[in-house]
Amino acid sequence: MVKLSAELIEQAAQYTNPVRDRELDLRGYKIPVLENLGATLDQFDTIDFSDNEIRKLDGFPLLKRIKTLLMNNNRICRIGEGLEQSLPNLRELVLTSNNIQELGDLDPLASVKSLTLLSLLRNPVTNKKHYRLYVINKIPQIRVLDFQKVKLKERQEAEKMFKGKRGAQLAKDIAKRTKTFTPGAALQAEKKKTGPSPADVEAIKNAIANATSLAEVERLNGLLQSGQIPGRDKKQG
């Protein structure tokens with residue numbers, strides 16, 4: 001992985017793209033964290049962060065000029081709060097092929113009032129029930145969602161679905177967020193889950209004590225390494 005340093009930003013390719021916007025090309029460096037973006041001196045309309053290892057969309061200083069962020073093929077699972085303060089003129093956000101899981105994870109985008117195009121294609125969240133209507137309700141000014149124009153009929157359906165107290169409760173019910181990830185927590189839980197119980201330890205001792213040959217001991221060791229508990233099935237039977 002490569003740190004997003006001021007030096008990298010200064011050395012990265014920059015050019016005028018086909019729509020005549022100034023673009024900074026930071027794709028494919030395996031950058032894990034967005035940082036040091038003040039080094040851009042707010043000279044770009046578009047920044048391409050595709051094909052990196054970014055997990056959270058945050059870390060922006062005030063960049064008034066930015067209109068488009070291309071974040072394809074990262075590992076983004078969280079969107080930071082306050083993007084509208086850092087990127088007050090952000091219009092297009094492409095998050096295709098990331099790892100956003102829950103509808104509630106999209107809520108920070110509701111405050112980005114300038115956003116008119118959003119792509120979440122190939123994110124797990126797109127499989128959630130009411131996904132498209134939820135996004136249209138949360139970001140009412142959105143014009144293009146997943147590269148499909150938002151239709152008037154969809155706006156009307158979204159307004160009807162989430163209208164009033166019942167609609168607000170529905171939005172609350174379906175808008176859970178992904179729990180904050182704590183490094184090592186899953187590993188510890190897995191260790192706790194898969195560790196042998198006192199009964200398993202007793203079964204292991206009995207199996208080894210009853211082994212009649214070196215070959216039998218080796219077989220028991222092989223079973224243990226594969227996660228099986230010698231003697232358990234026999235005891236349960």
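**An aromatic pair and a nonpolar core**

One aromatic pair turns up in the structure, which is a predicted model. Pairing here takes Phe, Tyr or Trp rings (for Trp, the six-membered one) with centres within 6.5 Å, and planes under 30 degrees apart count as stacked, over 60 as edge-to-face and the rest as tilted. With ring centres 6.0 Å apart and planes at 80°, Tyr134 and Phe162 therefore make an edge-to-face pair. Tyr134 sits in helix α3 (residues 131–138) and Phe162 in the loop between α4 (152–161) and α5 (164–174), so the pair ties together parts 28 residues apart in sequence. Helices (H or I, at least four residues) and strands (E, at least two) are DSSP runs, numbered from the N terminus. Both Tyr134 and Phe162 are buried, that is, under 20% relative accessible area (1.4 Å probe, protein chains only).

As for the nonpolar cores (buried Ala, Val, Leu, Ile, Met, Phe, Trp, Tyr and Cys joined through side-chain atoms within 4.5 Å), the largest has 48 residues, and Phe49, Leu57, Leu69, Met71, Leu95 and Leu118 have the most contacts inside it. Helices α1 (6–11) and α3 each put in at least two residues of this core, with the largest share, five residues, coming from α3. Setting aside neighbours within four places in sequence, Phe49 is in contact (heavy atoms within 4.5 Å) with residues including Leu4, Leu26, Arg27, Leu69 and Met71.

Residues are numbered from 1 along each chain as its sequence is written. Local features need pLDDT of at least 70, side-chain atom pairs count only at pLDDT 80 or more, and totals for chains, interfaces and linings use all residues, while side-chain values use heavy atoms, leaving out hydrogens and water.

Definitions and conventions. Buried < 20%, exposed > 50% of the residue type's maximum accessible area, 1.4 Å probe, protein only.
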